[in-house]
Amino acid sequence: MTTSIADAPREHGAPGPAAPWVDTRVELGGLTLANPVMPASGCFGPELADLLPVETLGAVVTKTVFASARPGNATHRITEVPNGMLNSVGIPSRGVAEFRRSGLGGYAALDAPVVISIGGLSTQEYWRVAEELADTEHAAFEINVSCPNLERGGQTLDTDPRAMSEVVAGVVARSAKPVLVKLSPQLQTIGEAAKTAEDAGATAVTVCNSFPGMAVNPDRRTSELGNGMGGVSGPVVKPLALRLVWLAAQAAGIPVVGCGGIRAASDVAEFLLAGATAVQIGTANFAQPYVMAKVVEELPAMARRLGVDRISDLIGTLTIRAED
Amino acid sequence: MSSPATLGVLAGERPMPTWARTQVLVNRPLTDRYRLLRFRSATIAARAEAGQFVMLSPATESGPVLPRPMAIYTRDAGSGSVDIVYGVVGSGTKALAALEPGATVVVTGPLGRGFVVHEETGHVLLIGRGVGICAMTTVAQDLAGTGVRVSAVLSGRHESAIIGAEVFRGCHGDVRLATDADETSGVAVLRERLHRGFDGDPPQQILTSGSARLTRMSGELAARWHATVQVSIEAHMACGLGYCHGCAAGDGDGTHEAPLVCRDGPVFRLRG
């Protein structure tokens, strides 16, 4: 067993371990990332640059940008559940114009490729955000199709393949950069959703957003969250997300970005083996603000342990276990 | 919690946080319901301003997923140690209570905007209840020996349940206790007592934490004495830095989000 120097007590700024050279680069549909690690949208901000060497990450991802300002959901917005958390933040946004004016610069200064997450309450809104940000400094868009769509009675877009296809194709048409589509965890139809995104021109799909859930306070006889329901994330969802990544990778011919409960280099390996080309880290950032840099630091040793000197050689090499 | 319409964001620099995987030095009962945890971090001890907080969690694989926001109770730049006080109420604080000295915790801080004592202020009145008092002890630490007088009204269930009295006394504060046990903590009784005690010598600033009732009373007292009020509020948090937007101090105005407790607070100006 390998013990990483990253586990030793130290304060931010102390040097990390030297590792044998391993090629950690991955190709995400024409976008070469220095390594497969990026934050999940909403679980990262330029504030984290105070706490970790952000330039070591494969990419950074912004909070989802909407066309207009929106306040987010009622409080309480977060609660802990066993091995995970539940949130109903509701994606507050200052709107695309304000993001362009004062938000994007903070990300652009981080010296890592910037993926802009875009949202919308209607098809036109997604297109408008893409259009208004098309000429800005960024590496890719990620379309958050898990937003409640007002044209479809609040249903999320990816429950309606035709609607999702329309949104994705419209964003692709307005962007010269790669377009990722972040899918919600539809347990039965993830492959179909990934294929729909691919056919509409997406460069990659991110699998997946948080899982719909609820927490109840029996003493108060109320929901724990002000919005009633929320999204479950953290270690508890890792097996669910791994299955969806596996299914999406089987169904689609475009790269998959895995997301769900990742907090160590060994988790990254599991997602790559299941078919992911890159990964997003979300909930783990809260308790360990340096976790993404630590995972990047541990990737070479992990690759060596698994017998490869190119991280990308792990992608999709999982086989189903046969009897020993 | 006060309604967001009454909260104003104080001017000030953004914090300069760091993180540390560091050792628990002390973890012991402080009162019947609260425990004191001391950890080592020279950087946080040196940088922490009065009223700021840290995010803290045990560095264990199976530990709580979310760190817990903890007011900095006292800090000692000399020894590089920081004290926090917590009640054991849920899974996260149960996990903290189980940590032995020498155990590793992950701490991020100092975070948030703390209390601001204005230059012209000669007398500060601190009004706190329960674990909320812990947000204000560092104010007394900083004002000790500066010539600014500190009066502290500390409220709790009974005398031995009150946190912080010895810290305020150690900083030469004028400490007055108000307890449920002797029926001196009710707002009507307390308000009357504070009128008698301070009408002839009113503070220029009231700082409060730990009770919505005491926050409202502080507003009334401030109007009477032409003083200003700052309030430290608590919220569920995930990131502690502002990027997760989990801790809005209310429901916003329909278009814009309410201030975030971690980034814009935890100390706010109470609007009159």
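The model is predicted. Chain A has eight helices and 16 strands, while the secondary structure of chain B comes to seven helices and 14 strands. The contact between the chains takes 36 residues from chain A and 36 residues from chain B.

**Chain A as a whole**

- Chain A has a radius of gyration of 19 Å, which agrees with the value near 20 Å that a compact globule of 324 residues would have.
- Taken along the principal axes, the box filled by the C-alpha atoms of chain A is roughly 55 × 50 × 50 Å, and 56% of the 324 residues of chain A count as buried.
- Among the contacts in chain A with a separation of 6 or more, 70% are accounted for by residues 24 or more positions apart.

**Chain B as a whole**

- For the 272 residues of chain B the globule rule gives 19 Å, and the radius of gyration of chain B is 18 Å, close to that value, so chain B is as compact as a globular protein of that length.
- The C-alpha atoms of chain B fill a box of roughly 55 × 45 × 35 Å along the principal axes, and 53% of the 272 residues of chain B count as buried.
- Where contacts in chain B join residues at least 6 apart in sequence, 67% of them join residues at least 24 apart.

**The contact between chain A and chain B**

- The contact draws on 36 residues of chain A and 36 residues of chain B, and on the side of chain A that touches chain B, strand 5 (78–81), strand 6 (84–87) and helix 7 (284–287) of chain A each supply at least two residues.
- By residue class, the side of chain A that touches chain B divides into 17 nonpolar, 13 polar and six charged residues.

**Helix 2 and helix 3 of chain A**

- The axes of helix 2 (residues 123–133) and helix 3 (residues 161–174) of chain A come within 9 Å and cross at roughly 20°, and because angles under 35 degrees count as roughly parallel, helix 2 of chain A is roughly parallel to helix 3 of chain A.
- The crossing in which helix 2 of chain A passes helix 3 of chain A is right-handed.
- From helix 2 of chain A, Thr123(A), Tyr126(A), Trp127(A), Ala130(A) and Glu131(A) meet Ala163(A), Glu166(A), Val167(A), Gly170(A), Val171(A) and Arg174(A) in helix 3 of chain A.
- The residues of this contact between helix 2 and helix 3 of chain A divide into six nonpolar, two polar and three charged.

Terms used: Residues numbered from 1 in each chain as written. Chains lettered and ligands numbered in written order. Predicted model: local features only at pLDDT ≥ 70, side-chain atom pairs only at ≥ 80, totals over all residues. Contact = placed C-beta atoms within 7 Å. Helix = DSSP H or I, 4+ residues; strand = E, 2+ residues; numbered from the N terminus. Nonpolar A, V, L, I, M, F, W, Y, C, P; charged D, E, K, R; others polar. Axes fitted to C-alpha atoms, helices over the stretch in contact; angles between N-to-C directions. Parallel < 35°, antiparallel > 145°, perpendicular 65-115°, else oblique. Left-handed = near helix turned anticlockwise from the far one by under 90°. Rg over C-alpha atoms; globule rule 2.2 N^0.38 Å. Buried ≥ 20, exposed ≤ 12 C-beta atoms within 10 Å, placed from the backbone.
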